[in-house]
Amino acid sequence: MTRTELQPPPNSTKEKKRKETHGKKERKEKENKRKKEIELFHCSSLLSLYGINTGISNWRELFPDGILYASTESHYSVFKAARMYRIECVKVDTQVSGEIDCKNFRNKLFQNKEKPAIVNVNLGTTVKGAVDDLDMVIQTLEESGFKDKFYIHCDGALFGLMMPFVKRAPKVTFKKPIGSVSVSGHKFVGCPMPCGVQITRLKHINALSSSVEYLASRDATIMGSRNGHAPIFLWYTLNRKGYRGCQQEVQKCLRNAHYLKDQLKAAGVGAMLNELSSTVVFERPKGEEFVRRWQLACQGNIAHVVVMPNVTIEKLDTFLDELVQKRSSWYEDGKIASPCIAADIGDDNCLCSLHKK
Ligand SMILES: Cc1ncc(COP(=O)(O)O)c(C=O)c1O
């Protein structure tokens, strides 16, 4: 994948000419910039391990006692990584939206002021699709006396590849003091085999890698051999769709997610959709058969639908019709009260008898 091919197409002749003249220079600059980063192909679970490992390995050099901070809504692979590396892990509370609660983060940092912080920032949480406020996390770290004593890994498994196309999404860039970003290739892009990409700074990789003589190269991986087809699928798909194609797909996902959320609410089903997300969270369907048929991921009282490019309005309508029909039998046409899910999705989104306006 070359980044130039994913830039928006030039919209004027003048712009085209300028691009041609500066093309060579730009390409050289980009090449140099790329040398600062490294890309690897694994799935995001392994990349959590890798991201945290990158953080730990770097801090281990200087500070052997770093603490991993991750919000309670972080993917389970983050906590698994902490167990595997036997690193102390502090869970940080979240807001109802699923976004990290920076007040609670600040409190937790104050309790461990003397130890460096390795922080997992979610660019789209697994269940609620919440995007942590990266700038606020950085500000909280700096204000709490952690300047130059922190490492941030951004977990963008699903939403990391959609974010660049969402207007109001926060900027994730290596101009900010982050250590690594990971994305899955089999989610938004739809690669047929599990894979992912991690971008990190070359200086961090140096702490992890070692020379392997028979390979005639350095190894910086956890797994060793990797799937060579995955990068080809990613490269092919991204190039076939191009910048505009990806942008249109993201917009379609967001539009369809809004449609689903609005229709659920219109049908009296409590539902929430985070502003930057295409993950619709709603009341857990009562019938297990329905949950299995639609392969819904459930957690406690809620379920979610992740609206991806393959999800059409027709499919959503079929889902909604079936859900409404089943619900009327589960709740005997309103004679039985549906559960309150305000704690999961907020008072405004819950449509139980107590919160319905
Ligand atoms: C936020 C987040 N991180 C990591 C993962 C793990 O991704 P993968 O399937 O690539 O292992 C997921 C999967 O849903 C996720 O939502």
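Modeller: Go ahead, and keep in mind that this is a predicted model. One label to begin with: the crossing of α4 and α5 is right-handed.

Colleague: What makes α4 roughly parallel to α5?

Modeller: The axes of α4 (residues 102-111) and α5 (residues 134-143) cross at roughly 30° and come within 10 Å. Angles under 35 degrees count as roughly parallel, so α4 is roughly parallel to α5.

Colleague: Which residues meet where α4 and α5 are in contact?

Modeller: From α4 there are C102, F105 and R106, and they meet M136, V137 and T140 of α5. Sorted by type, the residues of that contact are four nonpolar, one polar and one charged.

Colleague: Now I152. Why is I152 called buried?

Modeller: The cut-off is 20 or more other C-beta atoms within 10 Å. I152 has 22, so I152 counts as buried. I152 is found in strand β5, residues 150-155.

Colleague: Which residues does I152 touch, leaving aside neighbours within four places in sequence?

Modeller: V119, V121, V137, P177, I178 and G179. V137 also belongs to the α5 side of the contact with α4. As for V181, it is 29 residues from I152 along the chain, with 8.7 Å between the C-alpha atoms.

Colleague: And how much of the chain is buried?

Modeller: 36% of its 357 residues. The chain has 10 helices and 13 strands. Among contacts with a separation of 6 or more, 69% are between residues 24 or more positions apart.

Methods:
Residues numbered from 1 in each chain as written. Predicted model: local features only at pLDDT ≥ 70, side-chain atom pairs only at ≥ 80, totals over all residues. Axes fitted to C-alpha atoms, helices over the stretch in contact; angles between N-to-C directions. Helix = DSSP H or I, 4+ residues; strand = E, 2+ residues; numbered from the N terminus. Parallel < 35°, antiparallel > 145°, perpendicular 65-115°, else oblique. Left-handed = near helix turned anticlockwise from the far one by under 90°. Contact = placed C-beta atoms within 7 Å. Nonpolar A, V, L, I, M, F, W, Y, C, P; charged D, E, K, R; others polar. Buried ≥ 20, exposed ≤ 12 C-beta atoms within 10 Å, placed from the backbone.
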